[in-house]
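The structure is shown first.

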Amino acid sequence: MKIQGRMFIWLSVFILIMAIVYGVWSKEPAGTTALFLAFGLSVMIGFYLGFTARRVDAGAQDDKEADVADDAGELGFFSPHSWQPLMLGFGGAIAFLSIAVGWWLIYFSAPFIVLGLFGWVFEYYHGENRTQ
């Protein structure tokens, strides 16, 4: 993780320089603000990766002599059959549509979003997948 943290820190330095150059040269506030926000996001990610790298063991990506097979293995558990992201996506689509159509439409998206989040959080607490 050290290398990823350093990459994001160097990326943030580049974005900061480009934001300053763009802001001085173009005098356009929206793009300048977007570049400064991208700088902030890159710094946050780089700091998190660097901070986490100090707390965990060095991975294969940190070893210059490592092979690709050294990083093989189980990465975690991923739900193979969850329908909840579909419901969240549908609710999110209606919520974003409410920006264009009218804010009243967000009341119709809220039940889909709440039920999708509730189902996603608690989907392994009931039913046939309870023991996973």
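The sections below go from the whole chain to single residues.

## Basis of the values

The model is predicted; local features need pLDDT of at least 70, side-chain atom pairs count only at pLDDT 80 or more, and totals for chains, interfaces and linings use all residues. Residues are numbered from 1 along each chain as its sequence is written, and side-chain values use heavy atoms, with hydrogens and water left out.

## Overall fold

The protein chain has four helices and zero strands, and its pattern along the sequence reads α-α-α-α. Helices (H or I, at least four residues) and strands (E, at least two) are DSSP runs, numbered from the N terminus. With a radius of gyration of 22 Å, well over the 14 Å that the globule rule gives for 132 residues, the chain is more spread out than a compact globule. That radius is taken over C-alpha atoms, and the globule rule is 2.2 Å times the number of residues to the power 0.38.

The C-alpha trace spans about 50 × 50 × 20 Å along its principal axes. Among contacts (heavy atoms within 4.5 Å) with a separation of 6 or more, 58% are between residues 24 or more positions apart.

Of the 132 residues in the protein chain, 20% are buried. Buried means under 20% relative accessible area, exposed over 50%, and partly exposed in between (1.4 Å probe, protein chains only). The chain exposes about 10,600 Å², of which carbon and sulfur atoms supply 71%. Accessible areas come from the Shrake-Rupley method with a 1.4 Å probe; for residues, only the protein chains shown count as cover.

## Aromatic pairs

There are five aromatic pairs in the structure. One of them, F47 with F51, is stacked, at 6.0 Å centre to centre and 20° between the planes. Rings of Phe, Tyr and Trp (its six-membered ring) pair if their centres lie within 6.5 Å; planes under 30 degrees apart count as stacked, over 60 as edge-to-face and the rest as tilted. F47 and F51 both lie in helix α2 (residues 29-55), four residues apart, about one turn of the helix. F47 is exposed at 55% relative accessible area, and F51 is partly exposed at 33%.

F90 and F112 form an edge-to-face pair, 4.9 Å centre to centre with 85° between the planes. F90 belongs to helix α3 (residues 84-101) and F112 to helix α4 (residues 106-122), so this pair ties together parts that are 22 residues apart in sequence. Elsewhere, F118, F122 and Y125 form one aromatic cluster.

## Two further positions

G40 is found in helix α2 and is partly exposed, with a relative accessible area of 28%. G40 and A30 are ten residues apart in sequence, and their C-alpha atoms are 15 Å apart in space.

A58 sits in the loop between α2 and α3 and is exposed at 66% relative accessibility. A58 and M44 are separated by 14 residues in sequence and by 21 Å in space, C-alpha to C-alpha.
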